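Subject: The structure we talked about

Hi there,

Here is the structure for you to look at. Please open it beside this email, and my notes will follow below.

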Amino acid sequence: ERLRLLAVVSFHFAMSSEPAPVAAATPTEQSPVKAASSGEAPEHRALVLTGFGGYEKVKVQTRRGGSPGPGELSVRVRACGLNFADVMMRQGLYDRLPSLPFCPGMECAGTVSAVGEEVRDRQVGDKVMILARTGLWQEVVNVPAVQTFLMPEGMSFEEAAALPVNYITAYMILFDFGNLRPNQSVLIHMAAGGVGTAAIQLCKTVENVTIFGTASASKHDSLRESGVAHPIDYRTMDYAEEVRKISPKGVDIVMDPLGGSDTSKAFHLLKPMGKVITYGVSNLITGQKKNLVAMAKTWWNQFSINAIQLLHHNKAVCGYDLGNMDEEYKLITDVLLKLINLYNQGKIKPKIDSVWSFDQVADAMKHMQEKKNVGKVILVPEAPKEESKKAEN
């Protein structure tokens, strides 16, 4: 029962309204896209989760599209974001998942190819970014228009696919929950990842914010260049001790994607009036497949505190789950408009670690799960241009 509950309390991190289905996957994997016969929509390639487990469970299959329904758009996808939540989804660590098989993918960017009835603010040719619960790792998607956002001038499709999940998460944690102000300090775990790089950039929009960031030693130079004053190697050091050496009173905000005993450490690292915002349970991920021992250990060490203890400590504990704000379209839209404004001002810019084709999805997931990325990992339907050129040479 405890293990089941742990899966329930794990961070869902995905919008609950899914893209309109564009037909079930065909049995043939890795098959070429066929031309449509008269009256039929053309087939397109999609990444499909066929079962819970290792990297091989995500396969390239073909689907046949359909026309967008009322209030929907049909979008030709050019780039998709890969998130740590997709890794957890592949292992079956969320309780709110569609029935297998289904297409993962919570964010993408592309060009509007068709507009359904009742849509007034989008037209064919618009470049858009999309946020959804799942279903976006496809060449073509039909989605409600309210889940699309116009891309700013000059933004690449890769940048647009890297922005929604990570930057909305980082912004709401730092400013809506964290109330980040000048001269404060922040501890960012997994600082070289997608949310981490977004958070660093957002911290720099506030005057004199001191950033502590945990990451493996090979990433420290990159973190310093991006604005992290104190990179900490979590693999060889006790990060709490390292923070205390520099700031004996602790920090004002801890961004906690780890869960388990690390949430407790975060709470005790807070200054008076400090806040820990927990938004994930990455400690559950120890290998390709779901690990019951890791789940039990994380559950056993999960931080718990009552209202009286909070009162005495003068501290706050917050929980953030983008997936449970699926009906808050205005709230999410307002945040994204603020982020687009910051992008247009040159204050934020998604950092792309690497771009992988749909055929390389297993390698892309492995790259992220082994925490080799510095910035965002992107998936594209076709091979990246640079790779294609290398192949030609």
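What follows is a short tour of what was found.

First, some ground rules. This is a predicted model, in which local features need pLDDT of at least 70 and side-chain atom pairs count only at pLDDT 80 or more, while totals for chains, interfaces and linings use all residues. Residues are numbered from 1 along each chain as its sequence is written, and side-chain values use heavy atoms, with hydrogens and water left out.

**The chain as a whole**

The protein chain has 13 helices and 15 strands; these are DSSP runs numbered from the N terminus, with helices being H or I of at least four residues and strands E of at least two. Of its 393 residues, 56% count as buried. Buried here means under 20% relative accessible area, exposed means over 50%, and partly exposed is in between (1.4 Å probe, protein chains only). The accessible surface of the chain is about 17,100 Å², and carbon and sulfur atoms hold 51% of that; these areas come from the Shrake-Rupley method with a 1.4 Å probe, and for residues only the protein chains shown count as cover. Among the contacts in the chain with a separation of 6 or more, 72% are between residues 24 or more positions apart, where contact means heavy atoms within 4.5 Å.

Helix 4 covers residues 164-177. Its 14 residues should span 20 Å at 1.5 Å a residue, and its end C-alpha atoms are 18 Å apart, which agrees; the expected span is 1.5 Å times one less than the number of residues. This helix is mostly covered, with 11 of the 14 residues buried, including Tyr167, Ile168 and Met172.

How many aromatic pairs does a search of the whole structure find? The search gives one. That pair is Tyr171 and Phe175, which are tilted, at 4.8 Å centre to centre and 50 degrees between the planes. For the term itself, rings of Phe, Tyr and Trp (its six-membered ring) pair if their centres lie within 6.5 Å; planes under 30 degrees apart count as stacked, over 60 as edge-to-face and the rest as tilted. Because Tyr171 and Phe175 are four residues apart in helix 4, about one helical turn separates them. An α-helix has 3.6 residues a turn, so residues three or four places apart point the same way. Tyr171 counts as buried, at 11% relative accessibility.

**Some buried residues**

Arg90 is in helix 2 (residues 84-90), and it counts as buried at 1% relative accessibility. Its side chain reaches the backbone oxygen of Gly53 at 2.9 Å, although Arg90 and Gly53 are 37 residues apart in sequence. The side chains of Arg90 and Gln369 are also joined, by a polar contact of 3.2 Å. A polar contact is a pair of N or O atoms within 3.5 Å; within protein, one must be able to donate a hydrogen and the other to accept it, and residues adjacent in sequence count only if both atoms are side-chain atoms.

Gln201, in helix 5 (residues 194-203), is buried at 17% relative accessibility. Residues up to four places away in sequence aside, Gln201 touches Tyr167, Lys347, Ile348, Lys349 and Pro350.

Pro68 lies in the loop between strand 2 (58-64) and strand 3 (72-82) and is buried, with a relative accessible area of 16%. Beyond its neighbours within four places in sequence, the contacts of Pro68 include Leu73, Ala114 and Asn142.

**Charges over rings**

The charged end of Lys265 sits over the ring of Tyr239, 4.2 Å from its centre. The charged end of Lys315 sits over the ring of Phe267, 5.0 Å from its centre. This requires NZ of Lys or CZ of Arg within 6 Å of the ring centre and within 35 degrees of the ring normal.

**Backbone details**

Most residues other than glycine have a negative phi, and most peptide bonds are trans. Asn179, in the loop between helix 4 and strand 8 (185-188), has a positive phi of about 50 degrees and is partly exposed at 38%. Asn314 has a positive phi near 55 degrees and is partly exposed at 42%. A cis peptide bond joins Leu100 and Pro101, with omega about -5 degrees.

Happy exploring!
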